Amino acid sequence: MMKFIKIDENSRVPKYQQIIDEIIHNISIGNLTMDQKIPSINMFSEEFYLSRDTVEKAYSILKERNIITSIRGKGFYISRTKLISKVNILFLVNKLSSYKLRTYNHFINSIGANSHTDLHVYHCDETLFLNLLDKNKAAYDYYIVMPHFKTEDLRHQSFTDKVLDALCKLPQEKLVLLDNSKPIFSGKTSEIYQDFENDIYFALTEALPKITKYNKIMLIYPEKAVYPYPGRILHGFRKFCVEHKLDFEILNEVYDDMILKKGDLFITIEEADLVNLVKQVREDEFKLGKEIGIISYNDTPLKELLGITVISTDFKVMGETAAQMILNKSKGKFKVPFNFIDRESL
């Protein structure tokens, strides 16, 4: 194996990273094969006049990425796993919703077979997120992060001070932000973001001719939720209603046995509220889309099947753009399209 490895003393790339890159490269071109034994840490350090700590760090990262494995008393071997990829990606999402998974799936389909992506969910929890990032730092080529966190009183927060500090310690060219952007990262990273306040404002403005046919518009916005929603959605909705002098109300949830009136229009965010509302509309024998209107936030195949009008981010574009930025090694900010999709419920 040693004859294949090249360590450049004059390179600015850290020695441990050179070891990682060389081993992965030689696996990819067939010089190293599955189950092949590789030199011990001491043997490698002596051969290339490197410190034992440097080689140990490289081997540790290779083990974390399942590229090599160690057998006690026998040494290190090329792993049996299928992970022989040139690009290794850590994908961190705040929750496993249908639309987060759509973004992830479109990303996977676009990034191609020459990569490996690990998906982790941190449930909007700062501590869990920081632990995941710390555990996997230096182990991946790219870090894709959907930053959504919750405060102690269950309010939404895009970034916390500790999260920003941790993200700033990553190599900025390896960081890809989805959903949210932050000025301190501009130009250094890839940012594929939503503009939550203006997105809902302009989408509802497009739907205004139909919205004005209703007497009152209600936004079902969970003030406190396990997975809280950006407050900017609320700001954009209020701005739209005030500007167009619409009668509106903001409710925390769709209550059981809620009083429905002909001419009501509801905007739902959570799936459970949408299901409950449609059920009550049917039980009260209102005509959906004529007497009661519904707009749902974020599209899903089921909403399309049921004919539910939506205002939605294009999750396909989000996932595909993230993949293309990695493949092209491009940086910068990209605003994801947000659309009004008119169906039978409005």
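Predicted model: local features only at pLDDT ≥ 70, side-chain atom pairs only at ≥ 80, totals over all residues.

R155 sits in the loop that links β7 (149–150) to β8 (156–157).

- R155 and E223 are 68 residues apart along the chain, and 7.4 Å separates their C-alpha atoms.

**Helix α1**
- Helix α1 covers residues 15–28, which makes 14 residues.
- From its first C-alpha to its last, α1 reaches 20 Å, close to the 20 Å expected at 1.5 Å a residue.
- Most of α1 is covered, with ten of its 14 residues buried.
- Among the buried residues of α1 are I19, I20, I23, I24 and I27, and also Q17, Q18, E22 and N26.

**A patch of negative charge**
- On the surface, E253, D256, D257, E283, D284 and E285 come together in a patch of negative charge.
- One of these residues, E283, belongs to helix α10 (residues 271–283).
- E283 counts as exposed because its relative accessibility is 53%, and the cut-off is over 50%.

**A nonpolar patch**
- L302, L305 and L306 make a nonpolar surface patch of about 350 Å².
- You will find L306 in helix α11 (residues 301–306).
- L306 has a relative accessible area of 52%, so it is exposed.

Technical notes:
Residues numbered from 1 in each chain as written. Heavy atoms only, no water. Patch = residues over 30% accessible without salt bridge, like charges linked within 9 Å, V, L, I, M, F, W, Y side chains within 5 Å. Areas by Shrake-Rupley, 256 points an atom, 1.4 Å probe, with all protein chains shown as cover. Salt bridge = Lys/Arg side-chain N within 4 Å of Asp/Glu carboxyl O. Lys, Arg positive; Asp, Glu negative; His and termini not counted. Charge placed at Lys NZ, Arg CZ, Asp CG, Glu CD. Helix = DSSP H or I, 4+ residues; strand = E, 2+ residues; numbered from the N terminus. Buried < 20%, exposed > 50% of the residue type's maximum accessible area, 1.4 Å probe, protein only. Expected span 1.5 Å × (residues − 1).
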